[in-house]
Amino acid sequence: MHDKVFAHSFTRAAEQLGGTGELAAFLQTSVGTVEHWLRGTMRPPVSAFLRVVDLITSKNPSDPYGR
């Protein structure tokens, strides 16, 4: 159950940012790691999940880097 929530959240974040590479850059990790999180084959650290939740629930997602 939790893995589906993680995967769905990371999928929405990747869509919002424009792709897996952009999500990896946002989270400062590798594309391969993000792909594992998207497939649900690896559980993300809580810190990465919370950043994704902040991103997908933000009212102003146009600048996820906070500039």
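Colleague: Which residue just after α3 takes a positive phi?

Modeller: Gly40 does, with a phi of about 80°. Please bear in mind that this is a predicted model.

Colleague: Why are α2 and α3 called roughly perpendicular?

Modeller: Helix α2 (residues 20-27) and helix α3 (residues 31-39) pack at an angle of about 105°. Angles of 65 to 115 degrees count as roughly perpendicular, and α2 and α3 are therefore placed in that class. Their axes lie 9 Å apart.

Colleague: Which residues of α2 and α3 meet?

Modeller: From α2, Thr20, Gly21, Leu23, Ala24 and Leu27 meet Val31, Val34, Glu35, Trp37 and Leu38 of α3. By class, this contact has seven nonpolar, two polar and one charged residues. Gly counts as polar here.

Colleague: What puts the buried residues of α3 on the same side of the helix?

Modeller: The buried residues of α3 are Thr33, Val34 and Trp37. They cover an arc of only 100° around the axis, and therefore lie on the same side of α3. Buried means under 20% relative accessible area; 31% of the 67 residues of the protein chain count as buried.

Colleague: Which residues of the largest nonpolar core touch the most other members?

Modeller: Of its 16 residues, these are Phe10, Ala13, Leu23, Phe26, Leu27, Trp37 and Val52. Each of α1 (2-17), α2, α3 and α4 (46-57) supplies at least two residues of this core.

Colleague: How many helices and strands does the protein chain have?

Modeller: There are four helices and zero strands, and the elements run α-α-α-α from the N terminus on.

Notes:
Residues are numbered from 1 along each chain as its sequence is written. This is a predicted model: local features need pLDDT of at least 70, side-chain atom pairs count only at pLDDT 80 or more; totals for chains, interfaces and linings use all residues. Side-chain values use heavy atoms; hydrogens and water are left out. Axes are lines fitted to C-alpha atoms, for helices over the stretch in contact, and angles run from 0 to 180 degrees between N-to-C directions. Angles under 35 degrees count as roughly parallel, over 145 as roughly antiparallel, 65 to 115 as roughly perpendicular and the rest as oblique. Contact means heavy atoms within 4.5 Å. A nonpolar core is a set of buried Ala, Val, Leu, Ile, Met, Phe, Trp, Tyr and Cys residues joined through side-chain atoms within 4.5 Å. Buried means under 20% relative accessible area, exposed over 50%, partly exposed in between (1.4 Å probe, protein chains only). The arc is that of the directions from the helix axis to the C-beta atoms.
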